[in-house]
Amino acid sequence: APFPAPQIRYCSNTTGCCPPPDARVPVDFFFQPGLPMRVRSAAQFVDGKYIAKYRKAYAAMRALPRSDPRSLYAQAQLHCAYCGGAFKYKGSAWGLEIHGGWFFFAWHRAFLYFHERILASLIRDHTFALPFWNWDNQLPIEPLGNIIPCYFDEVDNNPLYSPNRAQCARPPNIVDLAYTGAGLNGECPDMEGLQDSNGEIMRLQMSAETARLFHGNPYRYNTRGGRSPGNMERTPHGNVHVFAGDPLADLRLNPDTQQKYAAYDDMGNLNRAAYDPLFYAHHTNLDRLWDFWIKQGGAHTDFSDPDYLNSKFIFYDEKQNLVSIQVSQVLDLDKLRYKYDDMINPWLMEPP
Ligand code: C2O
């Protein structure tokens, strides 16, 4: 059976991530055909004017009180609630886990959609779209796609900055798409040959020929999930998270809570990843790669299983409404009124 929309009153707070009580019945998601077509651009190519707008939007989001579901805090908490199995259902033994199975791409697309609409409304610019962190672009040509863009890394007064990123992940170091956490000894990955091996990983992972290989295994209501991710979710998605998160964060104290962080905070830790604005640029790139995979055609199709298509999730929209959206509603980008800048995906080509 498909998953019914989770109810906040059945959220069990073992991970400390449940949204505050909200007894409203969620409204059904509806498309907004009147929205301008919003274009998500590669993060390395955006201009100063865009960066200013992007920063303003996150500054506004960070300034909201935590009790506001549009705040960065509440957004991160919601992601966390969907990843610890916190959303329980009456009469089911298992909580919902949107990672490690066929909901991975679809759930994150919906999350990004609402997140982006909130940012846009905070700066009153309905053309606003998130950028994508083009970490799959292994071309050694400036501006590089596969470094954390410098405007994320400026420490002072920068709402896009997170203090919980790995030193090794700071520009100009390039991303290691197969990173496994070996940097705990303080050594950064060897960048020699990384451009090529990153390209090879992309070629291999994106060649998934079935929905199962790409999205992950089917995962139905009343069963245990989280155990069979698709190729891309595992690598590079997971590796990029660990690469970007601070491996030594657990040696410091969180000034807010006076508690220790976890190792690999924030990005490297599912419960906290969405506190870092970089999370959203990481996931827009995955979302773009999903779109690209589908556009390649042939055997590249999404599941048509009704248990997939009819599963529902809840989110908060830019007006703080509680909204229920189902998987079938996120499969057509035109209807969601956004698209990606056309990119050459250089990993498609075999190296000479
Ligand atoms: Cu919900 Cu990159 O994880």
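Modeller: A residue is called buried if 20 or more other C-beta atoms lie within 10 Å of its own, exposed if 12 or fewer do, and partly exposed in between. Please keep in mind throughout that this is a predicted model.

Biologist: Fine. By that count, is Arg124 buried or exposed?
Modeller: Arg124 has 8 other C-beta atoms within 10 Å, so it is exposed. Arg124 is located in the loop between H3 and H4, and its phi is positive, about 50 degrees, although Arg124 is not a glycine.

Biologist: Which other non-glycine residue has a positive phi, and what value does it take?
Modeller: Asn157 is one, with phi near 55 degrees. Asn157 lies in the loop between H4 and H5, and with 8 C-beta neighbours inside 10 Å it counts as exposed.

Biologist: Let's step back. How many helices and strands are there in the chain?
Modeller: The protein chain has 10 helices and 5 strands. Its radius of gyration is 19 Å, close to the 20 Å that the globule rule gives for 352 residues, so the chain is as compact as a globular protein of that length. Along the principal axes, the C-alpha trace spans about 55 × 50 × 40 Å.

Biologist: And what share of the residues is buried?
Modeller: Of the 352 residues, 43% count as buried. As for contacts with a separation of 6 or more, 70% of them are accounted for by residues 24 or more positions apart.

Biologist: Back to H3, then. How many of its residues are buried?
Modeller: H3 is mostly covered, with 17 of its 19 residues buried. The helix covers residues 104–122, and at 1.5 Å a residue it should span 27 Å, which agrees with the 27 Å between its end C-alpha atoms. Arg124, the exposed residue we discussed, follows H3.

Biologist: How does H1 cross H3?
Modeller: The axes of H1, which is residues 48–63, and H3 come within 9 Å and cross at roughly 100 degrees, which makes H1 roughly perpendicular to H3. The contact is made by Ala57, Ala60 and Met61 on the H1 side and by Ile118, Leu119 and Leu122 on the H3 side. Sorted by type, the residues of this contact are 6 nonpolar, no polar and no charged.

Biologist: What about H8, how much of that helix is buried?
Modeller: In H8, 14 of the 18 residues are buried, so the helix is largely enclosed by the rest of the structure. After H8 comes Gly297, with a positive phi near 75 degrees.

Biologist: Last one, what is Pro143 in contact with?
Modeller: Leaving aside neighbours within four places in sequence, Pro143 is in contact with Gln44 and Phe45. Pro143 is in the loop between H3 and H4, and with 14 C-beta neighbours inside 10 Å it counts as partly exposed.

Key:
Residues numbered from 1 in each chain as written. Predicted model: local features only at pLDDT ≥ 70, side-chain atom pairs only at ≥ 80, totals over all residues. Helix = DSSP H or I, 4+ residues; strand = E, 2+ residues; numbered from the N terminus. Rg over C-alpha atoms; globule rule 2.2 N^0.38 Å. Contact = placed C-beta atoms within 7 Å. Expected span 1.5 Å × (residues − 1). Axes fitted to C-alpha atoms, helices over the stretch in contact; angles between N-to-C directions. Parallel < 35°, antiparallel > 145°, perpendicular 65-115°, else oblique. Nonpolar A, V, L, I, M, F, W, Y, C, P; charged D, E, K, R; others polar.
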